[in-house]
Amino acid sequence: MGTFHDHMGELHGITVVVSKHDGCTWIGRCHSEDAIEVILHDADLHDPALSEEDTDQWLQKAKQIGHWPRVSTIRIARPEVSNLVRLAEITPGQGGPDPA
Amino acid sequence: MPYPEEMVTPMRRELTDHGVTELKNAAEVDSFLDPEGGTAFVVINSVCGCAAGGARPGAILALQSEHAPTKSGTVFAGQDVEAVERTRHHCGQVPPSSPSMALFEAGKLVWFLPRHMIEGRDPQTIALDIVNAFEKHCAPSDA
């Protein structure tokens, strides 16, 4: 069950985690996702090279209390995406570029 | 920009008709979250679909539980900006999201349900999360 905008796809309006092959991770409210790109609103980025927290810690904190909406809209090219999952469904150890 | 009030009124009344107190400004929020006031449950309402489909009916269900908090209140995101900002101030380091819900004990945040734990979930499942928090924080201790 997504939102009332059924024509937008099941993830429209849902907060998702987008893991990238380069190790960075986005959390945001999904606008749309297709073979070209994933579009997120009210998003936040975790770059392990710039953060004191590892990806898993950052994701687990976001799952518990939410994420900061630092970026209004971000378009992520689909070839850069290694994983796309609902934040509510993330489990410990699932963060990172290529989850098992 | 706020939505037209005539559109939002039914969304407010869905909660207030079930005994939830509407908080419209910072002073009302501060008074509601008075540290001497016991346990307080706050619904941060919104116009989005997951508020209609999950948050409001889930909160109403949960408030029928045996161990409901001393009082329940609501603020409306995007409409009552001052009240929402003050509520978020009381939530400390919790990022803003709406709809969402918070439970306070003696004025301190003890539990929070962010938007992503409401999205796409049915009211009964959301109510169960809330009731579990009520059981933990609002039920009399066995001492």
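Mentor: Start with Asp42(A), which sits in strand β3 of chain A. Keep in mind that this is a predicted model. The phi of Asp42(A) is near 50 degrees. That is a positive value, and the residue is not glycine.

Now widen the view to the sheet. Five strands of chain A make an open sheet in the order β4-β3-β2-β1-β5. The pairing is antiparallel. So where does the sheet end? The edges are β4, residues 71–77, and β5, residues 81–86, of chain A. Each has a single partner strand, so one side of each is left without a neighbour in the sheet. From one strand to the next, the twist averages 40 degrees.

A helix joins the picture here. Helix α1 of chain A, residues 55–65, packs on the sheet. It touches β1, β2 (25–33) and β3 (37–46) of chain A. The direction of α1(A) makes about 55 degrees with that of β2(A).

Move along to β5(A). Its pairing with β1(A), residues 15–20, is antiparallel and runs over five bridges. Find Lys20(A) and look across: Val81(A) in β5(A) stands opposite.

Glu10(A) lies in the segment before β1 of chain A and Arg86(A) in strand β5, so the pair ties together parts that are 76 residues apart in sequence. Side chains of opposite charge can pair when their charged atoms come close. Over all chains, the structure holds 17 salt bridges.

How many salt bridges are counted between chain B and chain A? The count there is zero. Three residue pairs do make polar contact across the interface, with both residues at pLDDT 80 or more. On the side of chain B that touches chain A, seven residues are nonpolar, four are polar and four are charged. The contact takes 17 residues from chain A and 15 residues from chain B. Together the two chains bury about 1,300 Å² between them, with 65% of it on carbon and sulfur atoms. Three residues stand out on chain B: Pro95(B), His116(B) and Glu119(B). They supply 42% of the area that chain B buries against chain A, more than any other three residues.

Cross into chain B. Here too is an open sheet of five strands, in the order β1-β3-β2-β4-β5. Its pairing is mixed. At the edges stand β1 (21–22) and β5 of chain B, each with a single partner strand, so one side of each lacks a neighbour in the sheet. Take the β1(B) edge. Strand β1(B) pairs with β3(B), residues 71–76, in the parallel sense over two bridges. Glu22(B) has Thr74(B) in β3(B) as its bridge partner.

Strands β4(B), residues 100–105, and β5(B), residues 108–113, run antiparallel and are joined by five bridges. Phe104(B) stands opposite Leu109(B) in β5(B). The hairpin of these strands has two residues between them, and Ala106(B) takes a positive phi near 50 degrees. Helix α5(B), residues 123–137, lies across β2 (39–45), β4 and β5 of chain B. Its direction runs at about 160 degrees to β5(B).

One last stop comes in the loop between α4 (81–90) and β4 of chain B, where Pro99(B) lies. The peptide bond from Ser98(B) to Pro99(B) is cis, with omega near 0 degrees.

Note on methods
Residues numbered from 1 in each chain as written. Chains lettered and ligands numbered in written order. Predicted model: local features only at pLDDT ≥ 70, side-chain atom pairs only at ≥ 80, totals over all residues. Heavy atoms only, no water. Pairing = 2+ DSSP bridges. Helix = DSSP H or I, 4+ residues; strand = E, 2+ residues; numbered from the N terminus. Axes fitted to C-alpha atoms, helices over the stretch in contact; angles between N-to-C directions. Contact = heavy atoms within 4.5 Å. Buried area = accessible area lost by both parts, 1.4 Å probe. Salt bridge = Lys/Arg side-chain N within 4 Å of Asp/Glu carboxyl O. Polar contact = N/O pair within 3.5 Å; in protein donor to acceptor, adjacent residues only side chain to side chain. Nonpolar A, V, L, I, M, F, W, Y, C, P; charged D, E, K, R; others polar.
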